Amino acid sequence: MKQINKNVIVVGAGPVGLLCALQLAKNGIPVTVIEAEPELTIDLRAGTFHPPTLEMLDPLGVTNAMMEIGIQVPRWQSRDLEEGLIVEWDMGVLANDTKYPFRLHLEQHRLTPILFKMLQSYPHAEVFFSHPLLELTQTDDEVSLLIGSQPENVLFTANWVIGADGGKSIVRKACDIEFEGYTWPERYSVMSTTFDLAPFGYADNAYMSDPVQWVAFFRMPDVAPPGLWRMTVPVDSSISDEEVLTPQYANQVFKRALNGKLQQDVPIVHQSVYRVHQRVAKQFRKHRVLLAGDSAHVNNPLGGFGLNSGIHDAMSLTEKLAKVINEDANTEILDLYERQRKSVNLQYVQEFSINNKKQLEEKDPKNRQDRFAYLRKMNSNQDSRREYLLNSSMINSIQSANRIT
Ligand SMILES: Cc1cc2nc3c(=O)[nH]c(=O)nc-3n(C[C@H](O)[C@H](O)[C@H](O)COP(=O)(O)OP(=O)(O)OC[C@H]3O[C@@H](n4cnc5c(N)ncnc54)[C@H](O)[C@@H]3O)c2cc1C
C-alpha cells in the first residue's frame, strides 16, 4: 500500500473543513483535505450567518463574496401563532458593536463553493474527493490515516489532523472521544416554497411559538431573487418520514402556520426530515488530532448557532495551529482552543438553543404570556434590546471565549 506523508490533513470538505484548510493555506502551511463524497454536498442545512462570523470571514474576502448572493436581514421577529407579532428586533442597535449589524441568509451549500474556489488558488493546498477516512491511529510523533481510494486504499501520515467530518465523525470515534449529550425524541422537517410570505407581515427571519407545532421561517436566496421561503418545524413521532416528505404534509403545515390566512396549496420546492441532537465532545483535542464543527458539537437549529460556532472553531483553531507550525509555539496553545471553544459551546450554543426550543414549544399559558412580556420589555429600550441582541447574535459568546486563558 502506498504511504504518503503530509503536514496537516483535514478530514471533511464541509464548510468547517474547507475554512480550516483555507486559513492554514493562507498562512503558508501545506494542507490536504480528504472528503468521502465525490463532490461538495448539497442539502438543506444551515443558512443564517451572525455578525461575528461575517467579521471573521471578512479578511479572507469570504464575507464580500457571501454578501453578493446572500440576503441581509437587519430585522427579525418573535411571533406566536395565536397572538401574531410579539417583537420585531432591529439589529441596528448593534451598529457600534459590529460592522455587520444584521444576519446574512445564505445556503450552506453556496458557501462551500466560495471556500473551495479560494482554496484552489493556493498551490500548497489539495482536496481529494471520494477519499473516505476509514481508520485513524496516532503515536507521539505522527497520525496515520487509512483512506479509501481507487484502485487501492492509501495510507497517509500527518503531523496534525483536523476532524471536520460532521456529527458522525469517524475521527472522533477513532480517538475514542465521548460525544456527551442526548438526542431529541422528535424529528425536524425543513420545507421551502416560492410562495411569498412577506405580504402576511413576516420579516425575512421569524420564530413563531406554538404549543402544538412551532415554526422557524427564513427567506433564503436560492439561485435568484426573490428566493425561497423555508420553514423548519418539529414532527410528531406518530408521523412516518414518508408522510412528512409529501407536498400534502408541507401544505398542511404552511396553512396552519398562517393561521387560516392561506386557503390554496403552495408550490413545495424542497423537503427533508432529520434527527436533532444536543451533544458536545468530551475533548476537542487528543494529542495531534483536533475536532472542529459538528464533529465536536451538535445542537438544534433554533437560533442558527450550529454552523456559526463551527466557523468560530475553525478560526480559533487554525490561528493557534499556525502558531505551533510556523512559530514553534508550545502545543499547549491547542489546549486553550479546547478550553475556549468547548466552554462557550456549553454555555451559549447548547444552553441558548435548548432554551429557544423550550420557549417556542411552551404549553403553559401563563409561562407563554410571561415570555411575551419579557420579550416586549427587552425590546422597550435601546439598552435592553442591545443586551438581548448581543446574546442572540453570538457577539457575547465570542467575547466570552476570548476572555478564557
Ligand atoms: C440534516 C441537517 C440539517 C441541518 N439544518 C440546519 C439548520 O437548519 N440550521 C443550522 O444552523 N444548522 C443546521 N444543521 C447543522 C449545520 O448544517 C452544521 O452545523 C454544519 O454542516 C457543520 O459543518 P461541518 O463542516 O462541521 O460538518 P458537515 O457540513 O457535516 O461536513 C462534514 C463533511 O465531512 C465529510 N465526511 C464525513 N465522514 C467522512 C469521512 N469518513 N472521510 C472523509 N470525509 C467525511 C462529509 O461528507 C461532509 O462533507 C443541519 C445539519 C444537518 C445534518
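**Close-up views of a predicted model**

View 1. A backbone N or O atom of Leu307 is found 3.3 Å from an oxygen atom of the ligand. In this model, which is predicted rather than determined by experiment, the protein covers 83% of the 990 Å² of accessible area that the ligand has on its own. The side chain of Arg45 also takes part, with a polar atom that lies 3.0 Å from an oxygen atom of the ligand, while a polar backbone atom of Leu133 is placed 2.9 Å from a nitrogen atom of the ligand.

**View 2. The shell of residues around the ligand.** The ligand is surrounded by 27 residues, of which the closest are Glu35, Arg45, Gln108, Leu133 and Asp294. Sorted by class, the shell around the ligand holds 14 nonpolar, 8 polar and 5 charged residues. Helices α1 (15-26) and α8 (306-327) each contribute at least two residues to this shell.

View 3. The model has 1 cavity of 30 Å³ or more, and the volume of the largest cavity is about 40 Å³. The residues that line the largest cavity are Phe305, Tyr348, Val349, Phe352, Asn391, Met394 and Ser397. Helix α9, which spans residues 333-361, provides the largest share of this lining, namely 3 residues. When the lining of the largest cavity is divided by class, 5 residues are nonpolar and 2 are polar, and no charged residues are present.

**View 4. Strand β16 and its pairing with β12.** Strand β12 (residues 179-193) and strand β16 (residues 268-281) run antiparallel and are joined by 12 bridges. Within this pairing, Ser192 stands opposite His270, a residue of β16. As a guide to reading such a view, the side chains of a regular strand alternate between the two faces of the sheet.

**View 5. Strand β16 and its pairing with β19.** Strand β16 is also joined to strand β19 (residues 297-298), in this case by 2 bridges, and these two strands likewise run antiparallel. Here Val280 is the residue that stands opposite His297 of β19.

How values were computed:
Residues are numbered from 1 along each chain as its sequence is written. This is a predicted model: local features need pLDDT of at least 70, side-chain atom pairs count only at pLDDT 80 or more; totals for chains, interfaces and linings use all residues. Side-chain values use heavy atoms; hydrogens and water are left out. On a 1 Å grid over the protein atoms alone, a cavity is a set of points where a 1.4 Å probe fits but cannot get out, and a pocket is an open set with protein on both sides within 12 Å along at least five of seven lines; lining residues have an atom within 4 Å of a point. Grid points are joined across faces, edges and corners, and a volume is the space filled by probe spheres set on the points. Helices (H or I, at least four residues) and strands (E, at least two) are DSSP runs, numbered from the N terminus. Ala, Val, Leu, Ile, Met, Phe, Trp, Tyr, Cys and Pro count as nonpolar, Asp, Glu, Lys and Arg as charged, and the others, Gly among them, as polar. A residue is near a molecule or strand if one of its heavy atoms lies within 4 Å of it. A polar contact is a pair of N or O atoms within 3.5 Å; within protein, one must be able to donate a hydrogen and the other to accept it, and residues adjacent in sequence count only if both atoms are side-chain atoms. Accessible areas come from the Shrake-Rupley method with a 1.4 Å probe; for residues, only the protein chains shown count as cover. Two strands pair if DSSP finds at least two bridges between them.
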